[in-house]
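Subject: Structure for you

Hi,

Here is the structure I promised. Please open it first, then read my notes below.

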Amino acid sequence: MLNISLQKTWKEFGLDVAFEIPRGKVTALFGPSGAGKSSILRIISGLETADSGIILHGKEVWFDDTQKIHLPPQQRSIGFVFQDFALFPHLTVERNVAYGIKGKKGLNELKDLISLVGLSGYEHYYPAQLSGGQKQRVALIRALARKPDLLLLDEPLSALDWETRRQLQEDLKKIIKQFHVTTLYVTHDVTEVYKLADYVVVLESGRVVKKGTPEEVFLGKKLSTRIQIVGKVVSIESDSIMAAVTVMHDDQYFKTLIDTEEVDRLNLKVGDDVVIGAKSSDVILFKALTQS
């Protein structure tokens, strides 16, 4: 587990947060632009220094202002994936990934790692020859190649088109599970949180305002449902009594009937993020709360 308590003040912004990142789980750091999400990642990685606080990785202290401890980035077992990929433009895919590998023994795994992200045959391509999705796959596997204790992802899919982002969400989920790496994932996309995260920390103006599972945070309650599907409302057909709400999840469509009064109470509109929960023979639908 990673325990974090950080305070830092810039000219026009102050950060004061405390939260835990469970071991082996994906924690989403969620909030609007300017909330301090990326700054927290940079401080955890050692690229920036907090004014005060502590970062404790298990029993290892990465930062403690009272003890004047500040481990440099290379001494923290971290893999970092940036929004803009941060690949070396003069290195091939193979050499970019090899850069993240510790020792010669790890080089034997190089082809397997490249294959894992579906880039076999692209080993000798340069970043300029790759699509955005391919570049992000290289960045991800390079970060994981060193087998870090903690993976930091700073809105890694936000620059990609919707279809590429959807596919990479699925791939990312599988790869993180395969490596069983503790992950802190910055995003402002509710659907992404539901798809990838076990736990979510909500930030506003440099402060933690909510913590919990995605269901607890966005629905305000614990669900005992057997099935939960996150999607977007694509149509609402209603009469005076009932409404047929069609929800798109990935490339599938789900239709459920709810009271017209419930549609009005939720202020449900086409384009809203929602969660469909199936409990025994009953289907329930909640509007997912988003950050403005």
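**What I found**

The buried residues of helix α6 are covered by parts that include β3 (26-30), α4 (110-116), α5 (132-145), β8 (150-154), β9 (182-187) and α7 (190-196). Contact here means heavy atoms within 4.5 Å. Buried means under 20% relative accessible area, exposed means over 50%, and partly exposed lies in between (1.4 Å probe, protein chains only). Helices (H or I, at least four residues) and strands (E, at least two) are DSSP runs, numbered from the N terminus.

Some ground rules. This is a predicted model, in which local features need pLDDT of at least 70 and side-chain atom pairs count only at pLDDT 80 or more, while totals for chains, interfaces and linings use all residues. Residues are numbered from 1 along each chain as its sequence is written, and side-chain values use heavy atoms, leaving out hydrogens and water.

**Overview**

The protein chain has nine helices and 16 strands. Of its 292 residues, 48% are buried. Take the contacts between residues at least 6 apart in sequence: 61% of them join residues at least 24 apart.

**Helix α6**

Back to α6. This helix runs over residues 162-179, 18 residues in total. From first C-alpha to last it reaches 26 Å, close to the 26 Å expected at 1.5 Å a residue. The expected span is 1.5 Å times one less than the number of residues. Which residues of α6 are buried? They are R165, R166, L168, Q169, D171, L172, I175 and I176. An α-helix has 3.6 residues a turn, so residues three or four places apart point the same way. Just after α6, H180 takes a positive phi of about 50°.

**Salt bridges**

How many salt bridges does the structure hold? Seven. The test is a side-chain nitrogen of Lys or Arg within 4 Å of a carboxyl oxygen of Asp or Glu. Three of them are described here.

- K195 and E170 form one, with the closest N and O atoms 3.3 Å apart. K195 lies in α7 and E170 in α6, so the pair ties together parts that are 25 residues apart in sequence. K195 is buried at 11% relative accessibility, whereas E170 is partly exposed at 25%.
- K232 and D273 meet at 2.9 Å, N to O. K232 sits in strand β12 (residues 227-238) and D273 in strand β15 (residues 273-279), so this pair ties together parts 41 residues apart in sequence. K232 is partly exposed at 36%; D273 is buried at 11%.
- K269 and D272 form another, with the closest N and O atoms 4.0 Å apart. K269 counts as partly exposed at 39%, and D272 counts as buried at 12%.

**A buried aspartate**

D64 lies in strand β5 (residues 60-64). D64 is buried yet has no salt bridge. The nearest side chain of opposite charge is K68, 9.7 Å away. For charge, Lys and Arg count as positive and Asp and Glu as negative; His and the chain ends are not counted. What does the side chain of D64 make a polar contact with? The side chain of T66, at 2.5 Å. A polar contact is a pair of N or O atoms within 3.5 Å; within protein, one must be able to donate a hydrogen and the other to accept it, and residues adjacent in sequence count only if both atoms are side-chain atoms. Leaving aside neighbours within four places in sequence, D64 is in contact with G53, I54 and I69.

**Strand β1**

In a regular strand the side chains alternate between the two faces of the sheet.

Two strands pair if DSSP finds at least two bridges between them. β1 pairs antiparallel with β4 (residues 52-57) over six bridges; there Q7 stands opposite S52. β1 also pairs antiparallel with β2 (residues 14-21), over eight bridges. In β2, V17 is the bridge partner of L6. A hairpin through four residues joins β1 to β2.

**Positive phi in loops**

Most residues other than glycine have a negative phi. F85 is not a glycine, yet has a positive phi of about 75°. F85 is in the loop between β7 (78-81) and α2 (93-99) and is buried at 14%. K147 also has a positive phi, about 55°. K147 is in the loop between α5 and β8 and is exposed at 51%.

Best wishes
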